Amino acid sequence: MSWVLSIVNAGVPIVLIVTDQFLHALKRNERRSGWQSSQLKGRIADYRKLPDSLSDSDLCAVAKIFLPEGNEDTIRKLAQNAKASEKCLAGIEFAVKKARYLASKEGREKVPLLN
């Protein structure tokens, strides 16, 4: 944390994207060392809590990024797969990469889409 604060104190803008575990680690560090996290929190200009889960439309938007040529059914299936998978967004990326690989192995230029 000293390193992060030294960068902030030097006027360098930074962005931290953290999980709830980071906040728990800060509290644990305070108890062990006596350091006060208020030193960091006082320098945070903007704090935003991200949603705990992604909506279907968010997942479809990500699927469309990975498979721009995808039709509505294919995009929806990729989003449903992501929702059911522990990998979530990485699951979309993996499925599209695998589909592209298999298509190329069969001599196809494009991934076959669902009807």
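Is C60 buried, partly exposed or exposed? C60 counts as partly exposed because its relative accessibility is 25%, where buried means under 20% relative accessible area, exposed over 50%, and partly exposed in between (1.4 Å probe, protein chains only). The model is predicted, so local features need pLDDT of at least 70 and side-chain atom pairs count only at pLDDT 80 or more, while totals for chains, interfaces and linings use all residues. Residues are numbered from 1 along each chain as its sequence is written, and side-chain values use heavy atoms, with hydrogens and water left out.

**Cysteines**

- The structure holds zero disulfides, a disulfide being a pair of cysteine sulfur atoms within 2.5 Å.
- C88 lies in the loop between α5 and α6, where helices (H or I, at least four residues) and strands (E, at least two) are DSSP runs numbered from the N terminus.
- With a relative accessible area of 26%, C88 is partly exposed, and C88 has a positive phi of about 50 degrees although it is not a glycine.
- As background to that angle, most residues other than glycine have a negative phi.

**Largest pocket**

- The largest pocket has a volume of about 980 Å³, the volume being the space filled by probe spheres set on grid points that are joined across faces, edges and corners.
- Of the 26 residues that line the largest pocket, L16, I17, V18, Y47 and R48 are the closest to its centre.
- On a 1 Å grid over the protein atoms alone, a pocket is an open set of points where a 1.4 Å probe fits, with protein on both sides within 12 Å along at least five of seven lines, and lining residues have an atom within 4 Å of a point.
- At least two lining residues come from each of α1 (2–9), α2 (20–33) and α3 (38–41), and α2 gives the most, with four residues.
- By residue class the lining of the largest pocket divides into 18 nonpolar, one polar and seven charged residues, with Ala, Val, Leu, Ile, Met, Phe, Trp, Tyr, Cys and Pro counted as nonpolar, Asp, Glu, Lys and Arg as charged, and the others, Gly among them, as polar.

**Nonpolar cores**

- The largest nonpolar core has nine residues, namely L59, A63, L67, I75, L78, A79, A82, I92 and V96, a core being a set of buried Ala, Val, Leu, Ile, Met, Phe, Trp, Tyr and Cys residues joined through side-chain atoms within 4.5 Å.
- Two or more residues of this core are given by each of α4 (56–66), α5 (72–84) and α6 (89–105), and the largest share, four residues, comes from α5.
- Apart from this core lies another, of five residues, among them L5, L26, W35 and L40.
- Not counting residues up to four places away in sequence, A63 touches I75, L78 and I92, contact meaning heavy atoms within 4.5 Å.

**L40 in helix α3**

- L40 is placed in helix α3 and counts as buried because its relative accessibility is 7%.
- Not counting residues up to four places away in sequence, L40 touches M1, V4, L5, F22, L26 and W35.

**Charged residues on the helices**

- K27, in helix α2, counts as partly exposed at 46% relative accessibility, and its C-alpha atom is separated by 7.6 Å from that of S37, ten residues apart along the chain.
- R32 is also found in helix α2 and is exposed, with a relative accessible area of 70%.
- The C-alpha atoms of R32 and L78 are separated by 45 Å, the two residues being 46 residues apart along the chain.
- K77, in helix α5, counts as partly exposed at 44% relative accessibility, and K77 and A63 are 9.2 Å apart in space, C-alpha to C-alpha, and 14 residues apart in sequence.
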